[in-house]
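Here are some notes for a colleague who is opening this entry for the first time. Please keep the structure in view while reading the numbered points.

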Amino acid sequence: MKTWSPSDLCEEKAPRGGASLRRTFAASAALLLAFAGSPARAEYRISAGDTLEVTALSIPGFKQEATVGIDGTVMVPLLGEVPAIGLTVAELRKALQKALPAKAVRQRNADGRESIAVIEPDEIGVRIAKYQPVYLSGDVTKQGEHPFHPGMTVRQAVALAGGYNLLRFRMENPVVESANLRAEYDAVWASIARESANVWRLKAIIAGARPDKAAAGPEAPLNVPPSRASVAQKLAEQQLRVQMSDVSKEKEHLQRALTRSQNQLASLTEQQAKEKEGVTADADEYDAVRALFQRGAVVTTRLTDARRAVLLSSTRALQTTVQVAQLERDKGELTRRLERVDDQQALEAMEKLQVSEDNLAALRSRLNSINDKLVYTGALRTQLLSGSRARASIAVFHPGKAGSGRSGPNLTDAAEDTELQPGDVVEVVLKPDPALRGIGDGTGQN
């Protein structure tokens, strides 16, 4: 086998001789071109992503494979980039034969010696070495791209993808999976029952803390089967009783403290009034003694005692005033705490109610999802156990191609015997047999 690289090629003049040899080459070229053109359909036009092989019969080592780029060109030896997209193989071969005149090429043999070979236009061979892949998605075992060959049908493409995937949820066994889903279904229902009872309890707390809603009372638990809700409801009622009892005890404690504060305040107020009278009397006594002292009727000791009595009574009155002020502040604080017990209880219950309702909505959404899976796995289980086959809905997406006669992308329904084109996208959706729908879904509620 001779080796060839673009650097080893150069153009030279060569003697033209050996007509019979050229005729032999031409006949061989025609035969090769006939076989080369057979895999490609006559109507198929080259697209971006196809891999082309260009050969020259007179130079066995002259073989070049190149992929058609996004710009629609392909690299050809001695010519460079040549437009190829939208052409058939025959049209591209003719274009190369026109663009490539007779060439004399120096080639290097395996032993290192050089020789001259002439490339005639009719010796150029072109074939599609590899087509664009086809793509499969949906209910097949192996999704993604798969190699295309001329005449490929949807059935063959699905076979390359490992066949239909009946277990779209990647179940090891639909019977076991149905049992697991049933257990999860029951667990979610139990969670819904608990959360619904919690919502009922929180609404009862809010209604009890707010007199404007206490008359209507709390709502019943939210749409939970009685068999599932009974235990959760009883527990919620017990929690409600304990919580309301605790609130009542807290209010009673604050009320007793407030009553004591009011009694103390009343006593101190009465004492304050008496001490004010005492201060007034001591002040009058002091004024009288001072007047006598000025006239010399009493001694200094008597005046000093009167002054001391005024100071003492004023001090006691001031201390009582301070105690009265402190008790009034304590009374106001207790009153405020007593008023806030219900408001604080309602506020905390509202915050928890928001969380509980969000959790309940999420649980119901999850329950619906599990129910849908149970319906599907039940149908699959019935089909597998009865040997029935799911019905396949197949759609083929044909991307628009330049020069292919397709004006743009289009989607068509297809059957398993539909022939594909390079670059097609096949979407497979398995649907349970309508006759078996609803059989063995295991979704009955307890």
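This is a predicted model: local features need pLDDT of at least 70, side-chain atom pairs count only at pLDDT 80 or more; totals for chains, interfaces and linings use all residues.

1. Helix α6 spans residues 226–295, and Gln272 is found in it. Is Gln272 buried or exposed? Gln272 has a relative accessible area of 13% and is buried, because the cut-off for that class is under 20%. Leaving aside residues up to four places away in sequence, Gln272 touches Thr320, Thr321 and Val324.

2. In helix α2, which covers residues 89–99, the buried residues include Val89, Leu92, Arg93 and Leu96. These residues lie on the same side of α2, because they cover an arc of only 100° around the axis. As a general point, an α-helix has 3.6 residues a turn, so residues three or four places apart point the same way. The face of α2 turned away from the buried side carries Lys94 and Lys98, which are exposed.

3. For the protein as a whole, the secondary structure comes to seven helices and 12 strands, and buried residues make up 35% of the 446 residues. Among contacts with a separation of 6 or more, 69% are between residues 24 or more positions apart. The protein exposes about 25,600 Å², of which carbon and sulfur atoms supply 54%.

Technical notes
Residues are numbered from 1 along each chain as its sequence is written. Side-chain values use heavy atoms; hydrogens and water are left out. Buried means under 20% relative accessible area, exposed over 50%, partly exposed in between (1.4 Å probe, protein chains only). Helices (H or I, at least four residues) and strands (E, at least two) are DSSP runs, numbered from the N terminus. The arc is that of the directions from the helix axis to the C-beta atoms. Contact means heavy atoms within 4.5 Å. Accessible areas come from the Shrake-Rupley method with a 1.4 Å probe; for residues, only the protein chains shown count as cover.
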